[in-house]
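Here's a quick walk through one protein fold, from its overall make-up down to a few residues. Have a look at the model first, then read on.

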Amino acid sequence: MKVLIVLAIFGCSTLLVNADQAKKAIVFLQSTAGVVGNVTLSQPSCTEPVFIEVSVIGLTPGKHGFHIHEKGDLSDGCASTGGHYNPDKVSHGAPNDQVRHVGDLGNILADEHGIAKTSFSDTVVSLYGSRSVLGRGIVIHAEIDDLGKTNHPDSLKTGNAGGRVACGVIGVL
């Protein structure tokens with residue numbers, strides 16, 4: 001993990017654009033299941049964490065897997081976003097695990113009215129450089145993400161989070 005951080009910082013310092021310029025992105029979520037909302041991502045500089053704000057309505061109450069997927073392709077709905085964004089080819093994990101996909105953001109919690117409103121920071125996701133998530137997809141899943149901690153065959157690949165109930169493309173704000 002230390003090597004990845006060093007590489008990320010090195011890649012950040014060698015960018016042709018101003019590495020101290022704040023970047024912001026937005027995702028407008030779409031769904032065939034009545035789920036709507038948006039996600040905003042902001043990063044003050046390439047050496048700081050990404051701040052993620054989620055505001056979604058129409059979910060079933062409970063926890064839902066929340067991931068960045070490899071493609072910002074919605075041509076076949078959420079199915080065309082590919083798998084979790086995983087440039088390091090490692091196992092699925094929790095947001096605070098040392099080994100995890102870049103796109104592993106854990107779960108969001110919908111209240112009894114189907115509303116999920118939360119915010120958090122992440123040190124692995126970036127809006128800068130060759131590992132930027134700009135143009136990729138965000139997906140909300142139907143089920144809870146087991147964070148790679150169970151014996152289910154999909155646990156270390158997807159967190160066994162079930163189908164995709166909403167998605168959108170991470171675009172520049």
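A residue counts as buried when its relative accessible area is under 20%, as exposed when that area is over 50%, and as partly exposed in between (1.4 Å probe, protein chains only). Keep in mind that this is a predicted model, where local features need pLDDT of at least 70 and side-chain atom pairs count only at pLDDT 80 or more, while totals for chains, interfaces and linings use all residues. Residue numbers start from 1 along each chain as its sequence is written, and side-chain values use heavy atoms, with hydrogens and water left out.

**Overall make-up**

The protein has two helices and ten strands, taken as DSSP runs numbered from the N terminus (helices: H or I, at least four residues; strands: E, at least two). Along the sequence, that reads α-β-β-β-β-β-β-β-β-α-β-β. Out of 173 residues, 40% are buried. The accessible surface is about 9,000 Å², with 56% of it belonging to carbon and sulfur atoms; these areas come from the Shrake-Rupley method with a 1.4 Å probe, and for residues only the protein chains shown count as cover.

**The sheet**

Five strands make an open, antiparallel sheet in the order S7-S3-S2-S1-S10. Strands S7 and S10 (171-172) sit at the edges, each pairing on one side only. Pairing here takes at least two bridges found by DSSP between two strands. S3 (residues 50-57) and S7 share seven bridges, running antiparallel, and Val54 has Thr118 in S7 as its bridge partner.

What turns up in a search of the whole structure for disulfides? Cys78 belongs to strand S5 and Cys167 to strand S9, so the bond ties together parts 89 residues apart in sequence. It's left-handed, because the torsion about the S-S bond of Cys78 and Cys167 is about -95 degrees.

| Residue | Relative accessible area | Class |
|---|---|---|
| Cys78 | 12% | buried |
| Cys167 | 2% | buried |
| Gly135 | 40% | partly exposed |

**Around Gly135**

That glycine, Gly135, lies in the loop between strands S7 (116-122) and S8 (137-141). Beyond its neighbours within four places in sequence, Gly135 is in contact (heavy atoms within 4.5 Å) with Lys71, Gly72, Val169 and Ile170. Gly135 and Ala25 are 110 residues apart in sequence, with 9.5 Å between their C-alpha atoms.

Conventions:
Disulfide = S-S within 2.5 Å.
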